[in-house]
Amino acid sequence: QLQLVESGGGLVQAGGSLRLSCAAPGRTFSTYAMGWFRQAPGKEREFVAGISWNAVSTYYADSVKDRFTISRDNAKNTVNLQMKSLKPEDTAVYYCALDPRSSNKAMAVMPIRDIAYWGKGTLVTVSS
């Protein structure tokens, strides 16, 4: 079973920045597309950003485009989400996800329940 572990969440003021990371201890995901999702209180989980296995292709939700940047380091087996110009509406639990059958763009539109692997999430709180 592939375990994904997120880190880097915390409390930040509006306009600030945070960097989230995702790792898979003891495993490699270098051949798979990866995604970041988030779930705000009382809302459904939603796609945030995705990256292809070789980092050539990235894809973002409109709400985070030009503010968030997804990247990966396959040598270190990590996927990162750099978030800047954070807004209170970015407050959510952020999840790292992987589906072996899907591209980064497919993860943006496929049903959440069909995505195979999830981390436990890391909380990001943006204060106004």
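**Figure 1. Asn-77 is buried, with a relative accessible area of 10%.** Here, buried means under 20% relative accessible area, exposed means over 50%, and partly exposed is anything in between, worked out with a 1.4 Å probe and protein chains only. You're looking at a predicted model, in which local features need a pLDDT of at least 70 and side-chain atom pairs count only at pLDDT 80 or more, while totals for chains, interfaces and linings use all residues. Residues are numbered from 1 along each chain as its sequence is written, and side-chain values use heavy atoms, with hydrogens and water left out. Now back to Asn-77: it sits in the loop between β7 (68-73) and β8 (78-83). Labels like these follow DSSP runs, numbered from the N terminus: a helix is a run of H or I with at least four residues, and a strand is a run of E with at least two. Check the backbone too: Asn-77 has a positive phi of about 60°, even though it is not a glycine.

**Figure 2. Ser-85 is another non-glycine residue with a positive phi, this time about 50°.** To find Ser-85, look in the loop between β8 and β9. Is Ser-85 buried, exposed or partly exposed? With a relative accessible area of 38%, Ser-85 is partly exposed.

**Figure 3. Let's step back for a moment: the protein chain has one helix and 11 strands.** Starting at the N terminus, the order of elements is β-β-β-β-β-β-β-β-β-α-β-β. The radius of gyration of the chain is 13 Å, close to the 14 Å that the globule rule gives for 128 residues, so the chain is as compact as a globular protein of that length. That radius is taken over C-alpha atoms, and the rule is 2.2 Å times the number of residues to the power 0.38. Along its principal axes, the C-alpha trace spans about 40 × 30 × 25 Å. Of the 128 residues, 44% count as buried.

**Figure 4. One disulfide is found in the structure, and it joins Cys-22 to Cys-96.** A disulfide is a covalent bond between the sulfur atoms of two cysteines. To be counted here, the two cysteine sulfur atoms must lie within 2.5 Å, and this pair has an S to S distance of 2.0 Å. The link of Cys-22 and Cys-96 is left-handed, with -80° about the S-S bond. Cys-22 belongs to strand β3 (residues 18-23) and Cys-96 to strand β9 (residues 92-98), so the pair ties together parts that are 74 residues apart in sequence. Cys-22 is buried at 1% relative accessible area, and Cys-96 is buried at 0%.

Figure 5. Phe-37 lies in strand β4 (residues 34-39). Which residues does Phe-37 contact, leaving aside neighbours within four places in sequence? Among them are Phe-47, Val-48, Tyr-95, Met-107, Ile-115 and Trp-118; contact means heavy atoms within 4.5 Å. Ile-112 is also one of the contacts, although Phe-37 and Ile-112 are 75 residues apart in sequence, with 9.5 Å from C-alpha to C-alpha. For the whole chain, residues 24 or more positions apart account for 58% of the contacts with a separation of 6 or more.

**Figure 6. Gln-82 is found in strand β8.** With 29% relative accessibility, Gln-82 counts as partly exposed. Not counting residues up to four places away in sequence, Gln-82 touches Ser-17, Leu-18, Arg-19, Arg-67, Phe-68 and Thr-69. How far is Gln-82 from Ile-51 in space, C-alpha to C-alpha? The two are 13 Å apart, and 31 residues apart in sequence.

**Figure 7. Asp-73, in strand β7, is partly exposed at 27% relative accessibility.** Asp-73 and Asn-54 are 19 residues apart in sequence, and their C-alpha atoms are 9.2 Å apart in space.

**Figure 8. Ser-63 sits in the loop between β6 (58-60) and β7.** Ser-63 is partly exposed, at 40% relative accessibility. Along the chain, Ser-63 and Val-124 are 61 residues apart, while 16 Å separates their C-alpha atoms.
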